[in-house]
Amino acid sequence: MFNYTKIFKEANKAIKKSKNLYELESIRINLFGKKGFFSKKIKLMRDLPIKDRAKIGFLINKAKENIKKILVNHRIFLENNIINTKLTNEFFDISLSGRYMNLGSLHPITCVIFDIEKFFKERGFLLVNESEIENDYYNFDALNISNDHPARSTHDTFRFDEFKLLRTHTSSVQIKTMCERSPPMKIFSSGKVYRRDYDKNHTPMFHQIEGFVVDLDVNFSHLKKICYDFFSEFFKKKLKIRFRPSYFPFTEPSAEIDILNDNGNWLEILGCGMIHPNILKDAKIDPDIYSGFAFGMGVERLAMLRYKIDDLRVFFDNDLRFLKQFKS
Ligand code: DAH
């Protein structure tokens, strides 16, 4: 009923004769498929007398197992053949140069921010970042900016509603951090700010860096020193800068720093001053014991000077021809 030797020999011969994977697969299906040779044999076992079933079943399983091994071995043999033929027939030019990969690069504004962050981190300033959505209190009131201050007009500010707005400067970080921490503090922050402005020196979104120090015996000369050092390092040369008296509601005295550019013009670059005692008081810091200085500057202004660009809007036009020039 089941001649093991004959079946094994025939299957072995057919398998070894097959010249490719398609032929091999059809042999496998003929033998092991649902309607294949072995399925039929197993079905026929039902008609056998019980005493023969175990014997025949054993022989069928033995044949299946051994034939499967031959199938696997022959498959490996054929697959290796395919690879070898490919390797000998196909020409592979190892001298061919690699495919060009178009790598992106950091945006010039990001590079400037990284440079500034590096400078302040190296001098022990702690980087603190806050939300770009602010309320009137932190953006204005807590900074001594009264209700009738021009910066509060709807003209300048993007508002969500009566209370929420997109911060118009990073100075809000000052008061928030002062309320959360206690002196000594040496903090800086960098981030996006928003104003309703659009011309060659203004875009509705731009970046600011804010810094402040609160400690015992902090005075204006500390502020001057850090600013001078910063600008010399940033522009990699000693630039002419001047402190011009100015007014900010949250600093007293206040000043602005101007830089002399190559065309002989003074460019306003940074606002600063000694932190107003009212601000310290609001943050529960005793102004009779502690003092501090603060400064804030626009990143794009610095980038324009560094890269000699006279229209700020090009930074945000996403024109690759412009951006690729900054690739290092
Ligand atoms: N927040 C000011 C602005 O956006 C800049 C500024 C001025 C920041 C004086 C300061 C400061 O910290 O002390 O124009």
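**Pockets and a listed site**

Reply: This is a predicted model. Start with the second largest pocket: α8 (220-235), β7 and α10 each supply at least two residues of its lining. α10 gives the most, with 4 residues.

Me: What is the volume of the second largest pocket, and which residues are closest to its centre?

Reply: The volume is about 530 Å³. Of the 19 lining residues, Asn261, Leu267, Met304, Leu305 and Lys308 are the closest to the centre.

Me: What makes Lys308 a lining residue of this pocket?

Reply: A lining residue has an atom within 4 Å of a pocket point. Lys308 is listed in the lining, so an atom of Lys308 meets that cut-off.

Me: How do the lining residues of the second largest pocket divide?

Reply: Into 9 nonpolar, 3 polar and 7 charged. For the largest pocket, the division is 18 nonpolar, 13 polar and 8 charged.

Me: How much space lies in the largest pocket, and which residues lie nearest its centre?

Reply: About 970 Å³. Its lining has 39 residues, with Arg195, Phe206, Gln208, Phe248 and Glu268 nearest the centre. Among the elements giving two or more residues are β5 (205-215), β6 (241-248) and β8 (266-275).

Me: Which residue does UniProt list for "binding site"?

Reply: Glu252, in an unreviewed entry. Glu252 lies in strand β7.

Me: Why is Glu252 called partly exposed?

Reply: Its relative accessible area is 48%. Buried means under 20% and exposed over 50%. The value for Glu252 falls in between, so Glu252 is partly exposed.

Me: Which residues is Glu252 in contact with, leaving aside neighbours within four places in sequence?

Reply: Met274 and His276.

Conventions. Residues numbered from 1 in each chain as written. Predicted model: local features only at pLDDT ≥ 70, side-chain atom pairs only at ≥ 80, totals over all residues. Heavy atoms only, no water. 1 Å grid on protein atoms, 1.4 Å probe; cavity = no way out; pocket = protein on both sides within 12 Å on 5 of 7 lines; lining within 4 Å. Points joined across faces, edges and corners; volume = space filled by probe spheres on them. Nonpolar A, V, L, I, M, F, W, Y, C, P; charged D, E, K, R; others polar. UniProt positions renumbered as here; feature names shortened; annotations may be inferred. Buried < 20%, exposed > 50% of the residue type's maximum accessible area, 1.4 Å probe, protein only. Contact = heavy atoms within 4.5 Å.
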